[in-house]
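Reader: I'm new to this one. Could you walk me through it, a question at a time?

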Amino acid sequence: MTWRRTRRRLGRLLLALLLVVIFLYATLPFIWAIATSLRTGAALFDPSPFAALPTLDNYRSALGGRTFLRSIANSVAVAGSVVLLSLLIGLTAGYALGRTSFRGRRLLLATILAVSMFPQVAVLSGMFELIRVLGLYDNLLALTLSYMIFTLPFTVWVLATFMRNLPIELEEAAMVDGATTMVVLTRIFLPLLAPALVTTGLISFIAAWNEFLFALTFTLTDEKRTVPVAIALMTGSSAFELPWGQIMAASVIVTVPLVALVLVFQRRIAAGLVAGAVKG
Amino acid sequence: MTGPGAGSPLARAKRRAALPFLLPLIVTLLLVAGWPLLRTVWLSLTDARLEAGLAPHFVGIANYTYLLSDPEWWSAVRNTVVFAVTSVALETVLGVLIALALNEKMRGRGILRAAMLIPWAIPTVVAAQMWNWMLHDQYGVVNQALLALGVVQDPVAFTADPDLALWTVIAVDVWKATPFMVLLSLAALQLLPDEIYEAAEIDGLGPVGRFFRITLPLIRPALMVAVTFRSLDALRVFDLMYILTGNSAAAASMSVYARQHLVDFQDVGYGSAAATALFLMIAALTSLLVIAGRIQAAPEEDDR
């Protein structure tokens, strides 16, 4: 009996150790980025944790730079408009796909799934051409439009699945009372859909906020850069010495809101990712 | 398929409403996916260049014959496949292991589960820059730690050394993408009822036997879906290689190769051919995986 208990305790101890290692593995790189962002000069290159008193100089110069604040505003505008547009389109399409039957429904669903598997680079030249024809080159609208290719399939898929699982009696009662489809959707389904909308909206926001390839290719001037491109292209006064302190400060600035969102909504996001992938 | 009989007034009313409801989706998808894809395929058969004013000429499959004879393309194919296979395999094993650990009833596992999401939430570009700095060949904390511990005699050029660059990219991807695997594995694990383990205890299965005989077969379908998603993601990798290794051919992926020709060399026709080749590869693999894994293609009645 005692041997069994010792073994159990040992197992718990090993598990606890393992969990600590996992925690450090997941968080240390970000913590190191924060630590670096608080240092300047020679302290930057000293690995000791007590090399210097923390300073906010890097944050001052990152935010004081000519265009970084502008990039943040651009990213907010693009990600925000992407979320609104994909929720709007996803809501109506999700209703049609989730609650009605029509010929070609399965084909449409399969197409949506196929689009979500497109490699972005496969549409890059065609999209570039389209954007130039529409006169949207170096315009944030080009990003809002092109990001639909990865946010829409996911949004429609999750919302359709979610609506499919709502009880049918809800809309039957309303329809008998003479409500139109639009009324059913906005008055009855919308409140019930709130959790699903928050989830898909958040995931779309994060995806749009983080996107790099389209943003790098479809914008040209510093005034139109989004945050990931701005951080990727950050260079110092000399080409040989990258301003690591500033890059880390900028990285922390754009990541902290994201990490906060994720921590606050972690259950929602986890549920959304699972819903999007489970039926894959 | 759903709701009342297809002939009922309600069903008919809803069917009438379906088309206008679907129209925005269909138009948007045609505009941002269908049309650009078709144009890319068409451009891949021409000698189009990025400079305006040059009307492209049809050149047949010339771009493709050149593509197939370019050793750099084949190196990009090799890099992409090695990257995808290795990183997804590591992420799956690590993801399941971590999910098993997080599934144990322990104090503080909520905090841990939240912490696991951090790498997933960090923008890929930021993650790449963070690791670029940590792996810096002179001042990086990783090199300083390795030197202090006496593991290496000289600092390692993780991202610049052609023999190491690809493995460095893989390691960073594993850090960034394992949380996704953990999340999906954890969701599958939490659906398993406790009773099956009680039965296993009676049968005298040890923890390892329990995992391979009971847990793994039960979470396999969910795991297959996660592996499919990650593989498709890994095959189109771009950001990590672009930031970590620049356009260095030693670690360039197919996406990096295609964009380099498209934008940097302004060779739209040839770049489109490379992009189309990648698309065909992914499409073929997807069909294989869908057939092999019998992944369901629609949210159907029976899985309510």
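Reader: Is B:Arg259 buried or exposed?
Author: Keep in mind that this is a predicted model. A residue counts as buried if 20 or more other C-beta atoms lie within 10 Å of its own. B:Arg259 has 26 of them within 10 Å, so B:Arg259 is buried.

Reader: Which helix of chain B does B:Arg259 lie in?
Author: Look along chain B for the stretch that covers residues 254–264. B:Arg259 falls in that stretch, and the element there is helix 11.

Reader: Leaving aside its neighbours within four places in sequence, which residues is B:Arg259 in contact with?
Author: Contact here asks for C-beta atoms within 7 Å. B:Leu235 is 24 residues away along the chain, and its C-alpha atom is 15 Å from that of B:Arg259. With the sequence neighbours set aside, the contacts of B:Arg259 are B:Phe238, A:Val121 and A:Leu124.

Reader: Which helix gives the largest share of the side of chain A that touches chain B?
Author: The contact between the chains takes 82 residues from chain A and 87 residues from chain B. Twelve residues on the chain A side come from one element, residues 2–37, and that largest share belongs to helix 1. By class, that side of chain A has 58 nonpolar, 18 polar and six charged residues. The name you asked for is helix 1 of chain A.

Reader: What is the radius of gyration of chain A?
Author: Chain A has twelve helices and zero strands. For its 280 residues the globule rule gives 19 Å, and chain A is well over that, so it is more spread out than a compact globule, with a radius of gyration of 24 Å.

Notes: Residues numbered from 1 in each chain as written. Chains lettered and ligands numbered in written order. Predicted model: local features only at pLDDT ≥ 70, side-chain atom pairs only at ≥ 80, totals over all residues. Helix = DSSP H or I, 4+ residues; strand = E, 2+ residues; numbered from the N terminus. Rg over C-alpha atoms; globule rule 2.2 N^0.38 Å. Contact = placed C-beta atoms within 7 Å. Nonpolar A, V, L, I, M, F, W, Y, C, P; charged D, E, K, R; others polar. Buried ≥ 20, exposed ≤ 12 C-beta atoms within 10 Å, placed from the backbone.
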